[in-house]
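Thanks, everyone. Please bring up the sequence and the coordinates, and I will go through strand pairing and then packing.

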Amino acid sequence: MNAMNHDWAEASLRPNNTCPALLRGLNADEMSRVWNRFEEDCLADGEVLLRDRAEPLHIGLVLKGALREDVSVPQGGTRLFALTFAGEALSPLGPRQKGGRLSAIGDTRLLTCDHEAFADLSREIPRLQLNLFGVLQDQIEDAHRWQLLLGRKTAAERVASILAWFHMRQGTPEEMDLPVTRAELGEMSSLTLETVSRQVRALEKVGVISLPKPSQVRVLDSKALLERSCNSPILRAA
């Protein structure tokens with residue numbers, strides 16, 4: 001992990017750039033304070049975020065790439081808890097429990113802040129605390145919508161909803177990364193691996209998507225993907 005220059009902070013203030021919700025409404029001086037108090041890290045694909053400070057991680061902001069959080073389960077081993085894409089905040093809603101871990105998906109840059117430093121910043125910049133409340137409210141609402149998906153949607157709609165969520169969170173590119181395995185897609189949607197594979201093949205067969213690689217999805221018809229998801233909800237960020 002290496003400290004990096006804060007060029008992204010300057011870019012986020014330029015016209016036509018979408019500012020992360022956590023930093024929305026901050027002026028140049030306030031943005032500079034944030035970048036001076038947060039720690040910036042660079043992780044290679046699969047590298048685990050290690051914290052060597054006594055104060056645990058309170059909040060983080062992914063600048064590039066993505067993070068996944070895996071948590072320990074009573075049966076042994078770990079399970080995917082959440083994903084955080086570029087521009088999204090890794091908030092205090094995450095468990096950060098002992099035995100869990102945060103790891104990079106692709107080359108990833110992020111800012112992190114402990115509780116004490118963020119509390120100081122919030123006193124200096126009240127808008128920052130308000131933004132965090134907004135992020136938390138959105139995450140709670142998205143988690144509720146996801147529970148409705150698991151209870152009310154068919155297998156086909158669940159798989160399409162997850163793919164539509166990935167597509168939107170990555171900025172609706174023509175070709176997006178698939179940051180989870182088929183088995184993890186099954187865990188997220190409460191479906192078996194076989195059912196997930198069958199539904200993915202069905203989407204390929206009708207020309208909605210194609211898979212140039214197991215870890216990549218080319219969205220051939222984004223409108224059809226959304227229609228098949230039946231108003232896709234958004235799985236909450238980490």
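Two strands count as paired if DSSP finds at least two bridges between them. Strands (E, at least two residues) and helices (H or I, at least four) are DSSP runs, numbered from the N terminus. This is a predicted model: local features need pLDDT of at least 70 and side-chain atom pairs count only at pLDDT 80 or more, while totals for chains, interfaces and linings use all residues. Residues are numbered from 1 along each chain as its sequence is written, and side-chain values use heavy atoms, with hydrogens and water left out.

Take β8 to begin with. β7 and β8 run antiparallel, joined by three bridges, and K213 stands opposite Q216 in β8. A hairpin of two residues connects β7 to β8. β8 also pairs with β6, residues 175–177, again antiparallel and through three bridges; here M176 is opposite V217.

Now the packing. A nonpolar core is a set of buried Ala, Val, Leu, Ile, Met, Phe, Trp, Tyr and Cys residues joined through side-chain atoms within 4.5 Å. Buried means under 20% relative accessible area, with a 1.4 Å probe and protein chains only. The largest such core has 28 residues, and L163, F166, I209 and L225 have the most contacts inside it. Elements that each supply at least two of its residues include β3 (78–85), α5 (155–169), β7 (209–213) and β8 (216–219). The largest share, seven residues, comes from α5.

What is I209 in contact with, leaving aside neighbours within four places in sequence? With contact meaning heavy atoms within 4.5 Å, I209 touches L163, V200, L203, E204, V217, R218 and L220.

Methods: Buried < 20%, exposed > 50% of the residue type's maximum accessible area, 1.4 Å probe, protein only.
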